[in-house]
Amino acid sequence: MKSPQLCAVRPRTPEAARCQHISTRSFYRIGQLYMISKHSMEESSGGEGIEVIHNEPHQDPVHGTGQYTEKRIYISSKLPAWVRSFVPKIFYITEKAWNYYPFTVTGAAHLPCSFLPKFHIQIETKFESNRGDNANVFQDKPTPSSDVVSLDIAFDEVPERQYKECEDLRTFHSVKTGRGPLQKDWQETTEPIMCSYKRVKAAFEVYGFQGRVENFVHKNIKDILLTGHRQAVAWIDEWFDMSLEDVRTFEKDLQQKTNSKVKSQSKSEWLHAVQALMMLSVFFASAAFLVFLCQLYAMQRGGLFYTTGIFQIFSGLTVFSAALIYSIHSPEIVNSTRGRYGYCFYIAWMCCPLLLVSGSMYIHLRKKK
């Protein structure tokens, strides 16, 4: 398990904070909430992106009043090719976050899927008014300097697919605040300033994949953190005049739009999966029949119909998978297609045991001498 610490420093705007009679820390919070909502909206399309399941107030005996959110992050197309080769197209991770600003805990884990049995991510976040020089920000033990990764939101390179000229802080200038562009030494000279500390723990305890998956997770969290903080500054003219109540309203409106963008495609994906599995089942059943005819006339007497039985069992397993998916997601599938499928669902469940029993019988069946 790897757990490095990321530090992203960002300039603040005290002039705006005084005009709105709120602290600079609250002002930073408004920018953060606006950025997360808009970024989620932009990243959601074609059935992928971020679906918000819960977003509600939460009370903690230690940290006080905060906000609890639960999200589903659909990321199949963003996975590396070597992962997509064995992960289904319909794949998402569940993210749960407890935001007690300026302290936040985020946990991400897979759905109960057999192909990811031991995958877990935990991110602790702390916001402080300094330049990223607090080695014991989480107040348990100092982080070794070798595990600290400092990010420069102006001059660190972002992935090419995420680069936008209007978000390049080396050239960006805010109309409303007059700030920017950022110079090479901005982290040493800017006042006031805030730092977002993140301690990331990623674990994937599967032999042969552990290092590659954990490195992939840490690299992507670094890129997301870098891009997000660049956007928060570059979008400052959009959220500059907002209060905390305004940004919560904005967050709620965009949450509904984002969810509709994700759900419109993801529901049909479940139906496509059911249809593909049923077609595969028909293929296996047809292959079993053809193989049986070949074995019946070509196989030597006393031989086993082993291949026929294997194809029958595969057909039964694919029917079982399709029926199981439909059982779990039938409300979504029916609502998205505005229709019903009659008795097909019941027939599929009946075919499943019949195919499995038939396959087992063929495996032990011998051609008469």
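In the predicted model, K176 is partly exposed, because its relative accessible area is 43%. The side chain of K176 meets that of D241 in a salt bridge, with an N to O distance of 2.9 Å. Distant parts of the chain are linked by this pair: K176 belongs to the loop between β7 and α4, D241 to the loop between α6 and α7, and 65 residues separate them.

The structure holds 10 salt bridges. Another of these joins R170 to E157, with the closest N and O atoms 3.9 Å apart. Both R170 and E157 lie in the loop between β7 (148-152) and α4 (186-189), so the pair ties together parts that are 13 residues apart in sequence. R170 counts as partly exposed, at 33% relative accessibility, whereas E157 is exposed, with a relative accessible area of 61%. A further salt bridge is formed by K126 and E128, whose closest N and O atoms are 4.0 Å apart. K126 counts as buried because its relative accessibility is 17%, and E128 counts as buried at 17% as well.

The protein chain comprises nine helices and eight strands, and buried residues make up 47% of its 369 residues. Of the contacts with a separation of 6 or more, 71% involve residues 24 or more positions apart. The accessible surface comes to about 20,100 Å², with 59% belonging to carbon and sulfur atoms.

The largest nonpolar core contains 27 residues, and Y34, L169, W239 and M242 have the most contacts inside it. Two or more residues are given to this core by each of α2 (24-43), α5 (210-234), α6 (236-239) and α7 (244-298). Beyond its neighbours within four places in sequence, L169 is in contact with I153, A154, P181, L182, R230, V233 and A234. A second, separate core of 12 residues includes I93, V200, F204 and I221.

S315, located in helix α8 (residues 306-337), counts as buried because its relative accessibility is 1%.

The average pLDDT of the protein chain is 78, and 78% of the residues score at least 70. Confidence is lowest in helix α1 (residues 14-19), at a mean of 35, and highest in α6, at 94. The pLDDT is below 50 over residues 13-23, a stretch with 19 contacts in the model beyond near neighbours in sequence. Residues 110-115 also stay under 50, with 10 contacts beyond four places in sequence.

How values were computed
Residues are numbered from 1 along each chain as its sequence is written. This is a predicted model: local features need pLDDT of at least 70, side-chain atom pairs count only at pLDDT 80 or more; totals for chains, interfaces and linings use all residues. Side-chain values use heavy atoms; hydrogens and water are left out. A nonpolar core is a set of buried Ala, Val, Leu, Ile, Met, Phe, Trp, Tyr and Cys residues joined through side-chain atoms within 4.5 Å. Buried means under 20% relative accessible area, exposed over 50%, partly exposed in between (1.4 Å probe, protein chains only). Helices (H or I, at least four residues) and strands (E, at least two) are DSSP runs, numbered from the N terminus. Contact means heavy atoms within 4.5 Å. Accessible areas come from the Shrake-Rupley method with a 1.4 Å probe; for residues, only the protein chains shown count as cover. pLDDT is the predictor's confidence in each residue, from 0 to 100.
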